[in-house]
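Let's take a walk through this model, one spot at a time. Have the sequence and the structure open as you read.

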Amino acid sequence: MGTDMELVAKRRDGSEVMVEISLSPLPGEGPPQVVVAIRGIGNYPRVKRALQRAHYAECVARMGRLAVDARDPMELIAQVPAAAVEALQVQMAVIFLLEPDQVQFRVVAGSGLLSGETVGSLVPNRGDTPPGFVYAQAAPVVVSDYREERRFCVPQAYLDAGLISALAVPLSDRGQVVGMLSVRSQQAQRFGDDEVRFLESLSNLLAATLQRVQSEETLNHAQRLESVGQLTGGIAHDFNNLLTVIQGNLQVLEEHPAVSQDAYALQLVTAAARASRRGAELTSKLLAFSRRQVLSPSRIEVPALLDSLADMLRRTLDQRIRIEVHTPSPCPPCLADAGQLESALLNIAINARDAMPAGGTLSFSGQLCHTLPPELRGDFELGAELPDSFIAISVSDTGVGMSETVKERAFEPFFTTKDAGRGTGLGLSTVYGFVKQSHGAVTLASTQGLGTTITLYIPRFAERSSESEEAEAEFDGIPSGLKVLLVEDEPEVRAVALRFLDVLGCEVTPCASAEQALPHLGKDADYDLLLTDIALGPGMRGTELAREAQMRLPQMAVLLMSGYSAELLDTSQSAPLSWELLAKPYSRDELKHAIARALQARGS
């Protein structure tokens, strides 16, 4: 009777109590008799512990259901402290979350909070504060008696409130402590393994909910960026076509006798041409934001670049920020995309400005790097050209610096320590991507309170031999009477290209679409070059036309144009090496050099 069963007895007042029953037979004559002993066991320590564990499990399950159902993490955050207080029978519970700058904790929820520790108040993230100590330990912390605590400074408000014991567990996000859940009691209470596991379960629920919401926000942010990127990319593509028309006609106008012989008219045309080039630079930045940018590496004189950037920043940054430039003489040139390198340095400088709200010193330096730091050598294979192959360009500030945690995640996309709305988290990740795409490397050194130094290792420009220069010079010109099949769907852009090709002495057949161009590619066709835009409206694309054209005329050179850098980049990764690419807007000289390279590639 009752073997391995939980037995419950009902008292006279209707309440129930867990009991155990023992049966003892009575020896003697007559019918069998049994002595029944019924004992209440609700107060047995092991039973009380089992009941407490069941209560903890039920509380965690209830919070788990709320975590699944709640769309706003604050719903769960607001209810966890009260649940912890009720389950553990303590007087106080509080949740701290680490601020983006990781310098302070913010109280985000609590039950039985003290007057000096209300929701929204800040606590420094230092090893001598209760949450700062838990952050440093990254493990549960048990306080048996606040009056005897020596590991950190106990706020006087705790002692005044009669708090004696406490238990705190960290909130972790992918191994990084992002907050703390703490309970405090006015009794000298022993928090055992069961209580630690219970509070850790609540902490894990909170962390998982915060991670889910952060992931959803990151995904939504990425989708918004993608939408904006596609929109700006489309606008930039159309704008580049307009700039091609403007720049092309200005160049033709500049060489017109009526303008070239009129100093005032020539001045106006030159100013307009300069403005159109600035417009092209702005469009390039839009394209760099919207998609991957096509890099055009060229020789860059580092001292001139840094001096120019410093002059611009002196006019635009806070006057309390002193800007210095240190470049040894001589400093060899580097090989990179000039616009993208300047944009990367500007990105770093803006971050440095934000790290010096009260002013400081922003320093730029560039020097030849004989060897890369050891930690960078395993990133990629550099072979025997490693010595003397890089120019180290450093940007240093005297700002607040970074913690070890921030340094580890500084180059992650979407990671930012700035307030919401002030940073996208794409700045340093974009810098990293540009440097790696340029076959370079980047390092970050920072100390809290002392500042940050970011160093870009950009490949050194290798002087070409006279033989290679002479070989390229042979193809720098265009043979007279070059037969070109021009395919461009925008009439005004087509007209500009036609004028340029006429001046270059080419025989041109213009077409408005790939379908219109195909009939010209018969067996008897003798075109030397196909010059086509990649995007040709609703019909066949320029890349498809180029493949069909080379099947019919294998010796014909191919030159593709586009105002959308993503198209050029995608094409460069999938097209034959003999195809040449030309970004819009372009000048007549740029078109000439691109045609020469296409003819050279065909010949090789």
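In which hand of crossing does α8 pass α9? The crossing is right-handed, meaning that the near helix is turned clockwise from the far one by less than a right angle. A quick word before going on: this is a predicted model, where local features need pLDDT of at least 70, side-chain atom pairs count only at pLDDT 80 or more, and totals for chains, interfaces and linings use all residues. Residues are numbered from 1 along each chain as its sequence is written, and side-chain values use heavy atoms, with hydrogens and water left out.

Back to the helices. Two packed helices are described by the angle between their axes and the distance between the axes. Here α8 covers residues 302–316 and α9 residues 338–354, and their axes come within 11 Å, crossing at roughly 45°. That angle makes α8 oblique to α9 (under 35 degrees would be roughly parallel, over 145 roughly antiparallel, 65 to 115 roughly perpendicular, and the rest is oblique).

The patch is made by I21, L23, V34, V36 and I38 and has an area of about 420 Å². The most comes from β3, with 3 residues. L23 sits in β2, and it counts as partly exposed because its relative accessibility is 40% (buried is under 20%, exposed over 50%, partly exposed in between, with a 1.4 Å probe and protein chains only).

Finally, find H520 in the loop between α14 (514–517) and β19 (529–533). H520 is partly exposed too, because its relative accessibility is 34%. From H520 to T509 is 11 residues in sequence and 8.8 Å in space, C-alpha to C-alpha.

Terms used:
Patch = residues over 30% accessible without salt bridge, like charges linked within 9 Å, V, L, I, M, F, W, Y side chains within 5 Å. Areas by Shrake-Rupley, 256 points an atom, 1.4 Å probe, with all protein chains shown as cover. Salt bridge = Lys/Arg side-chain N within 4 Å of Asp/Glu carboxyl O. Helix = DSSP H or I, 4+ residues; strand = E, 2+ residues; numbered from the N terminus. Axes fitted to C-alpha atoms, helices over the stretch in contact; angles between N-to-C directions.
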